[in-house]
Amino acid sequence: MATATRLIQRLRNFLAGRDLQAKLALRYGEISKRSQPPPRLPVGPSHKLANNYYCTRDGRREAFPPIVVAAGQKTLAAGAQAGSSGSAVTTGEKKPVTPGPPVRKWEISKDQPYL
């Protein structure tokens with residue numbers, strides 16, 4: 001609309017029935033306030049004035065995995081069973097589970113065995 005000549009602007013405003021140029025600056029209703037308070041940022045590794053090296057400014061380097069102080073429950077060793085003496089209960093190895101219905105055994109017809 002800025003490239004239109006004054007004659008075209010007046011013709012367009014007349015045909016629209018209102019001044020289209022007046023509302024261009026306020027076309028977005030959700031404009032933020034101009035006087036915002038400064039942000040409250042927590043003090044971090046970059047707020048130091050001395051010894052502020054690039055490799056030490058990364059906050060991810062200051063985080064460590066959690067330390068387990070005391071376990072809430074006992075853990076079992078691999079292959080051990082809870083509540084058994086080990087020799088009383090012996091289980092065989094389980095077959096792997098096959099998805100779908102069980103496979104039927106195919107039978108070859110007796111009258112034409114070489115098909």
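A polar contact here is a pair of N or O atoms within 3.5 Å; within protein, one must be able to donate a hydrogen and the other to accept it, and residues adjacent in sequence count only if both atoms are side-chain atoms. The model is predicted, so local features need pLDDT of at least 70 and side-chain atom pairs pLDDT 80 or more, while totals for chains, interfaces and linings use all residues. Residues are numbered from 1 along each chain as its sequence is written, and side-chain values use heavy atoms, leaving out hydrogens and water.

**View 1. Gln9 and the backbone of Ala4.** A polar atom of the Gln9 side chain lies 3.3 Å from the backbone oxygen of Ala4. Gln9 sits in helix α1, residues 6-16 (helices are DSSP runs of H or I, at least four residues, and strands runs of E, at least two, numbered from the N terminus). Gln9 counts as buried because its relative accessibility is 19% (buried is under 20%, exposed over 50%, partly exposed in between, with a 1.4 Å probe and protein chains only).

View 2. Leaving aside neighbours within four places in sequence, Asn13 is in contact (heavy atoms within 4.5 Å) with Arg18, Asp19, Leu20 and Gln21.

**View 3. Ile8 on helix α1.** Here is Ile8, placed in helix α1. Ile8 counts as partly exposed because its relative accessibility is 43%.

**View 4. The chain around these sites.** The chain has one helix and zero strands. Of its 115 residues, 3% count as buried.
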